[in-house]
Amino acid sequence: MPKTAYEELIRKLNHNMLVSHQDRIPLLKTVLAALGHPDLNYRIIHLAGTNGKGSTGAMLAKSLENAGYRVGHFSSPAMIDQREQIQINGSMIEKEAFVALYEKITQKLPQTITPASISIFEWFTLIMLEYFAENGVEWAIIEAGLGGENDATNIIEHPAAVVFTHIDYDHVQILGDTLEQIAQNKAGIIKKDATVFIAPKQTHQVRTILEKKAVQKRATSVIQAVPGTIQVIKRSITGFKVSLHAKTTNIAATPFKLLGDYQIDNLTTVVTVYEWLFNQQVINDWQPLIEMMQHIQIPGRFQVLQRDPLVILDGAHNVDGTQALIKGLSNLNANHKLFFILGFLKDKDYSGMLHLYAKAADRIFAVQPDNPSRALRPTTIQTVLGNKVVGSYRDLYTALQQALTLADADTTIVVTGSFYLIKELEVPNVSNAN
C-alpha cells in the first residue's frame, strides 16, 4: 500500500530531540508570532511533571468536555499513532488536516527558519496550537513533552493555569542530575497571572522551588492539592469506590474507574483544579467530574487486559513510576505472585528500576522494546538479575505466552518498563483512526 502524504511527511520531519538547545523557545516564538498567536484564541491549562501528566490531563480534558466545552488535548507519547497527541473532544487530528496545517505554517515561516530546522515534536506543537484555534477550541489541556522551560509547549503566552504533577528524577542528562535542577526546569512554564497548582506528596524542596518561581513570575496564586481530599472506600480490579471532600462539595461513595493508587493522587490534583474552575464559574456543578470518574479510560495506565490470570499493562518508565506501580499492585492483590514482563530504553535509569522489580517479582521475563536505536538488550536484564529472569525475548507475544503458561489463578502478570513495549499490546482510546 503506498504511503499517504501524511506518512511521507512524518518520515521526512526532523526526528532529532532539540529540547536541550537553549535557542528553541525564542525561535519557535517567532513562528508563533508569524501565525498571529493562535494560542490566544482559547484558555490553556499547561501541565508539567515527571509522572501523572497524561492521566491528570486526560481527566481534566474529559471533565471540561462533560461540562459542555470544546476541549483540545495535547499529550505525549502516543501509543500507536502519533496523531493521538492532538485531540479535540477525544478525536485525533485527521491526516489531511495535519498535512494542510504543516503546509500553511511552512508558508508563514520567517525567512531565517526552514521546515527541516524544526523538530517533529516542535512541529506537532505548532500544528496543535493552530489546529485548536481553527477548530473553535474553548479550553486546551497542554502537557509539556520533556521538562518545561525549554519544552516547545512553553511558547504559549498566557496560560490560565499551570499544573505540576509529581516531580522526581527522569531525563537527568537533559534536565539535571539533582531534584532541584529538575524542578527549576519544570518551573519554567510558570507565567504572569497564571494560577499555579501543585500535586500532593511533592518533596519540600520541590514545593519551595515552585512557590518561589511563582512569586518571581507574579503568578496569581499557588494552590496545593491536599492529600485526603479523596478517601478510598474499596479497591477492586474494576476500579475504586471513593468519597470526595472538597471545600465546595462532599460526594459520598462514587466509582472511580481507573486503577493504581497513584491515580488517587492524580484525581486529587484534578479535583483541586476543578474546584478552582467551579469558583471561577467556568463550571456550575460537580456532575461533569463525577461522570468523568465513572467512565474515564486511559490506555496503558494500570490497564487490565484480562482477568484469569490477571494481566495488567502500565507505562511506568522511571523509578518514581515503578515505585507507584509496585505499591498499587500490592494494595490491589497483596498475596498474588507477580510476573513482570520488562523492556526498557537504555537511556533510562533501568538499573534503579530493576533493583525495585527484583525485590517485588516472583519471575521476570526480559523483552526488547520496539525502538531499535534506544532499546536496552534483554540479555542485559538477565545479566543484572540472574536466576530471577526466566528468559530473554525479542518478541513480547512469546514472552507473554510463556508467562501465561507458568501463571496460575493467584498470579498477576504485568507488562511494563517503556511505552515502546506496552504499545505492542494496546489499541488507542481515540476515534478518527483513519
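Strands β15 (residues 363–367) and β16 (residues 389–393) run parallel and are joined by 4 bridges. Helices (H or I, at least four residues) and strands (E, at least two) are DSSP runs, numbered from the N terminus. Two strands count as paired if DSSP finds at least two bridges between them. Within this pair, Phe365 stands opposite Gly391 of β16. The chain passes from β15 through helix α13 (residues 378–385) to β16, in a right-handed β-α-β crossover. Right-handed here means that, with the strands pointing away from the viewer, the path from the first strand over the helix to the second runs clockwise.

The model is predicted; local features need pLDDT of at least 70, side-chain atom pairs count only at pLDDT 80 or more, and totals for chains, interfaces and linings use all residues. Residues are numbered from 1 along each chain as its sequence is written, and side-chain values use heavy atoms, with hydrogens and water left out.

An open sheet is formed by 8 strands in the order β4-β3-β2-β5-β1-β6-β7-β8, with mixed pairing. Its edges are β4 (91–92) and β8 (221–224). Each has a single partner strand, so one side of each lacks a neighbour in the sheet. Inside this order, β2 runs parallel to β5 (residues 139–143), and 4 bridges join the two. Gly72 has Ala140 in β5 as its bridge partner.

Two helices lie across strands of this sheet. Helix α3 (residues 53–66) lies across β1, β2 and β5, and runs at about 175 degrees to β5. Helix α5 (residues 120–134) lies across β2, β3 and β5, at about 15 degrees to β3. Contact means heavy atoms within 4.5 Å. Axes are lines fitted to C-alpha atoms, for helices over the stretch in contact, and angles run from 0 to 180 degrees between N-to-C directions.

Most residues other than glycine have a negative phi, and most peptide bonds are trans. The bond from Ser76 to Pro77 is cis, with omega near 0 degrees. Pro77 is in the loop between β2 (71–74) and β3 (86–88). The bond from Asp308 to Pro309 is also cis, again with omega near 0 degrees. Pro309 is in the loop between β12 (303–307) and β13 (310–313).

Positive phi values occur at His37, near 50 degrees, and at Gln281, about 65 degrees. His37 is in the loop between α2 (24–34) and β1 (43–48). Gln281 is in the loop between α9 (262–279) and α10 (287–295). His37 is partly exposed because its relative accessibility is 23%; Gln281, at 72%, is exposed. Buried means under 20% relative accessible area, exposed over 50%, and partly exposed in between (1.4 Å probe, protein chains only).
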